[in-house]
Amino acid sequence: MGRYRWLGLILATLAVLAGALGALAQGTPRVVVIPIVGTIDEGLAAFVERSVEQARRDGADAILIEVNTFGGRVDSATSIRDALLGAGRPVLAFVRERAWSAGALITLAAEKIAMAPGASIGAAEPQPAEEKTISALRAEFEATAERHGRDPRVAAAMVDKRIAIEGLTGEGAILTLTAARAFEIGFVDLLAASREEVLAAFGFPGAVVEEVAPNWAERVARFLTDPTISSLLLTLGMLGLLAEITSPGWGVPGTAGLACLALFFGARLIT
């Protein structure tokens, strides 16, 4: 009987410990980290949309985007913005180096923004700088900034050089802010040197971090939808078909042209 009593005591102790460990695990926040690195393109947009959906499905407590980009496609940036705004959980941003152009819009979609010392944000004038495009992108920046209580005029000045803000930028210059200046005027929430510092300051100390990465299809799509590669494929494809049309029979130029066009349109199907 004494043996069974001891066995029951051990099992009860293990059950209590398992329950305590389970409660502790449940109390530890989970944060999904999504890298926004390199050119903003359709492949990156597909990757971010999938990652946000995965974070929502898996019950992550927050999403942290880590940004280092010179910019890229506006349509892809707006797709990423919309995905982040609809994430249904806190979205944090950490600008490690720069968030220029389309990258600035993506960063503004976050509820909280941290920047590393020496980082910068802005420089978002569209190219070509046509009035219609400037007006639309300026409104997108303003609306995104307002959503999280940021000064919309500062956001607009990153897009439209006609906007002058005393002490920040004069008319005729596109606004780009250093991390220190952005923090000084309250446009971002934190200066931080590391991911751990960002998470602790924004309420997720000691969080379990899951850093996601593009799958093979998204990597291929990112390469093929890069603006330089995409333009090259389209140009080579059209030139190949043109050369084939102006010569008898069917040969290498037409085959190469069709292959380039297949890659051009195939990448869009992947995304």
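Is arginine 73 buried, partly exposed or exposed, and what is its relative accessible area? In this predicted model, arginine 73 has a relative accessible area of 28% and is therefore classed as partly exposed, the buried class being limited to values under 20% and the exposed class to values over 50%. Arginine 73 forms a salt bridge with aspartate 75, with 2.7 Å between the closest N and O atoms. Aspartate 75 is also partly exposed, at 40% relative accessibility.

The protein chain has 271 residues, of which 43% count as buried. Its secondary structure consists of eleven helices and eight strands. The accessible surface amounts to about 13700 Å², and carbon and sulfur atoms account for 62% of that area. Among contacts between residues at least 6 apart in sequence, 66% join residues at least 24 apart.

Side chains of opposite charge can pair when their charged atoms come close. The structure contains 14 salt bridges, including the one between arginine 73 and aspartate 75. Another is formed by arginine 81 and aspartate 82, where the closest N and O atoms are 2.7 Å apart. Arginine 81 is buried, with a relative accessible area of 12%, whereas aspartate 82 is partly exposed at 43%.

A further salt bridge links aspartate 160 to arginine 138, with the closest N and O atoms 2.3 Å apart. Aspartate 160 lies in the loop between helix H6 (152-157) and strand E6 (176-178), and arginine 138 lies in helix H5 (residues 131-147), so the pair ties together parts that are 22 residues apart in sequence. Both partners fall in the buried class: aspartate 160 has a relative accessibility of 4%, and arginine 138 has a relative accessible area of 18%.

Serine 120 belongs to strand E5, which covers residues 120-122. With a relative accessible area of 13%, serine 120 is buried, because this value is under the 20% limit. The side chain of serine 120 makes a polar contact of 2.8 Å with the side chain of tryptophan 100. When residues up to four places away in sequence are not counted, serine 120 touches Val95, Glu97, Arg98, Ala99, Trp100, Met115, Thr176, Leu177 and Thr178. Of these contacts, Thr176, Leu177 and Thr178 correspond to strand E6 (176-178).

Notes. Residues numbered from 1 in each chain as written. Predicted model: local features only at pLDDT ≥ 70, side-chain atom pairs only at ≥ 80, totals over all residues. Heavy atoms only, no water. Helix = DSSP H or I, 4+ residues; strand = E, 2+ residues; numbered from the N terminus. Buried < 20%, exposed > 50% of the residue type's maximum accessible area, 1.4 Å probe, protein only. Polar contact = N/O pair within 3.5 Å; in protein donor to acceptor, adjacent residues only side chain to side chain. Contact = heavy atoms within 4.5 Å. Areas by Shrake-Rupley, 256 points an atom, 1.4 Å probe, with all protein chains shown as cover. Salt bridge = Lys/Arg side-chain N within 4 Å of Asp/Glu carboxyl O.
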